[in-house]
Amino acid sequence: MSVDAPVLIAGGGPVGLATALELAHHGVPCLVVEPRPEVSWLRPRAKTTSARTMELFRRWGLAAVIRDRAPLPVAWSDEAVFATGLLGREITRFQGCFGLDLTGDDRVAEPGQQVAQPLVEQVLRDAVAASPHAALLTEWRVTGLREDGTGVTADLTGPDGTAKQTRAEYVVGADGSRSATRAAIGAKYEGADDARPNFNIVFRAPGLADRVPHGPAVHYWVLSPDQPGLVGRLDLADTWWCIAQGVAQEDGEADPLRIVRNLVGADVDAEILATDPWRARMLLADRYASDRVFLAGDAAHLNPPWGGHGFNTGVGDAVNIGWKLAAVLNGWAGPRLLRSYEAERRPVAARTIEEAARNMATLAPELTDPRLAGTGAEFEAARPGVAAAVHRSKDGEFHSLDLVLGYSYAGSPVVSDGAGERMPHRWLGPNESRYDRLGREFTLVGDLSTALAADFVKAAAGAGVPLDTFDDPGDRLMLVRPDQHVAWAGDAGDAVDARSVLARTTGRRL
Ligand SMILES: Cc1cc2nc3c(=O)[nH]c(=O)nc-3n(C[C@H](O)[C@H](O)[C@H](O)COP(=O)(O)OP(=O)(O)OC[C@H]3O[C@@H](n4cnc5c(N)ncnc54)[C@H](O)[C@@H]3O)c2cc1C
């Protein structure tokens, strides 16, 4: 059977679509197979798109599109308020949450963005539809995979049970927590579930925003014995989301309006638009890949959502496996590059799970103090202690740039000693990011007048490795990968064999 598309992607959630766009960015055709005909508009799970994910979206020209379509402008708020109710008394607040305050900051090419996951998915779907390389097949699912020495044959099942087969050289399994792909390669999740249930509600409440005394905030955490949880806006009109912590599905479904009213702290009129029960899980696949099948996103790892890292980590996976598959398929990288995917991405997921579990250790029920609901004097007596506990336990949830921007691929088999970090960012001019000067494949950054720079250019040309250059004399010489991570860095006087560096970073014998 001949290959239909070089890469088949099982699952068209945010991570599968991001994988398709990364492959398309490098000119590699791919097919995404996804059962849902439409994005799930009333299941807005992720709201936090990190600064790093926005930087990666910028590479595809999509950061500005997402900001234009996001109902909450990034300048609208970077705060999280803790109060006794949405309309209640304020206990404390955080500023500079989720990298939303980083506009124009030299550390990043993009600040974070609050935007509901379905809108991000729709922007990614639109970009796939517009791409000459990527295609999305909806209402079909991947139901079986058979891998051999030259490729993978996949069984697909359609909406009416129709079956067909497709053949690809590689498969990316981005098919979520119940991944059929994970089962097909014999990988297993390892880890634990959190026992506490949570219940999400999307509701419409005209006029509610005008009554909120706390000003704009991306999260309003409610520390109330009646119903602990958090509330936020989906748009600047009347649509809201909330998470009721400790509420079991049957209790939530029995009376969602009561939950909304308890979180608001008043008998408001609200129309319940959707409910979504869930439990947090801390699970990591014991392996990420076979020879030709790679797991990405929730199929490979699940973390509690506190801190907003799940899909953001998955987009990091998508870019990592996407450029590597493209490099191999385009003929300038070797199989060792593909094996580095698990070595680089699994530790990032392990660290993310650990940090998100730490965020989950203290939620609204643990922070609630009955005196907060008492008289003014009782509230004031309790407030300083509760506020201190909030800052002690929740700061890392709202301020996590160390994780979001700081993860490194140091120690990877395709990264030279001392390298692996994300290339340091700075602005070159108004809205002119240093990252905008990088090519789509490898880029040599630094003083290009040196003999060592000339060696790299010559070695890359000789080996057929695509190499752009960016003359930036103020910095060390750096070989920067398509994902903006530094594969090698050194000084002009270092004794370096450029050809060996390229062999290592492309996973290929040269
Ligand atoms: C309450 C909550 C809040 C969250 N908030 C955030 C946040 O703020 N920031 C953040 O980064 N993350 C957040 N997350 C996590 C985020 O929602 C997930 O990490 C994200 O959806 C993972 O994307 P994915 O594409 O890997 O998987 P999914 O979104 O699960 O997509 C998998 C896709 O595969 C499809 N599929 C399933 N089986 C098959 C098959 N056999 N063949 C083909 N396709 C298949 C499914 O239809 C689905 O579209 C939150 C999660 C929850 C529960």
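This is a predicted model: local features need pLDDT of at least 70, side-chain atom pairs count only at pLDDT 80 or more; totals for chains, interfaces and linings use all residues.
In which loop is Asn 303 found?

View 1. Asn 303 sits in the loop between β18 (301-302) and α9. At 11% relative accessibility the residue falls under the 20% limit, and Asn 303 therefore counts as buried. When neighbours within four places in sequence are left aside, the contacts of Asn 303 are Arg 281, His 309, Gly 310, Thr 352, Ile 353 and Ala 356.

**View 2. The shell around the ligand.** There are 28 residues around the ligand, and of these Glu 34, Arg 36, Gln 117, Asp 298 and Phe 311 come nearest. At least two residues of the shell are supplied by each of α1 (14-25), β2 (30-34), β8 (141-147) and α9, and the largest share, 3 residues, comes from α9.

View 3. On the backbone side, a polar atom of Val 33 lies 3.5 Å from a nitrogen atom of the ligand. The ligand taken alone exposes 1,000 Å², of which the protein buries 87%.

**View 4. The largest nonpolar core.** This core has 126 residues, and those with the most contacts inside it are Ile 9, Phe 57, Leu 223, Leu 325, Phe 456 and Leu 479. Helix α9 (residues 310-329) gives the most to this core, contributing 10 residues, while domain 1 (7-72 + 110-190 + 281-360) and domain 2 (427-506) each provide at least three. Not counting residues up to four places away in sequence, Phe 57 touches Thr 49, Leu 62, Ala 63, Ile 66, Val 120, Leu 124, Phe 311 and Val 315. A second, separate core has 23 residues, among them Val 81, Phe 203, Trp 240 and Val 247.

**View 5. Arg 52 in helix α2.** Arg 52 has its place in helix α2 (residues 51-59) and, because its relative accessibility is 4%, counts as buried. With residues up to four places away in sequence not counted, Arg 52 touches Val 404, Leu 405, Tyr 407, Arg 422, Tyr 435, Asp 483, Gln 484 and His 485. Between Arg 52 and Ser 393 there are 24 Å in space, C-alpha to C-alpha, and the two are 341 residues apart in sequence.

Terms used:
Residues are numbered from 1 along each chain as its sequence is written. Side-chain values use heavy atoms; hydrogens and water are left out. A nonpolar core is a set of buried Ala, Val, Leu, Ile, Met, Phe, Trp, Tyr and Cys residues joined through side-chain atoms within 4.5 Å. Buried means under 20% relative accessible area, exposed over 50%, partly exposed in between (1.4 Å probe, protein chains only). Helices (H or I, at least four residues) and strands (E, at least two) are DSSP runs, numbered from the N terminus. Domain bounds come from an automatic or database domain assignment. Contact means heavy atoms within 4.5 Å. A residue is near a molecule or strand if one of its heavy atoms lies within 4 Å of it. A polar contact is a pair of N or O atoms within 3.5 Å; within protein, one must be able to donate a hydrogen and the other to accept it, and residues adjacent in sequence count only if both atoms are side-chain atoms. Accessible areas come from the Shrake-Rupley method with a 1.4 Å probe; for residues, only the protein chains shown count as cover.
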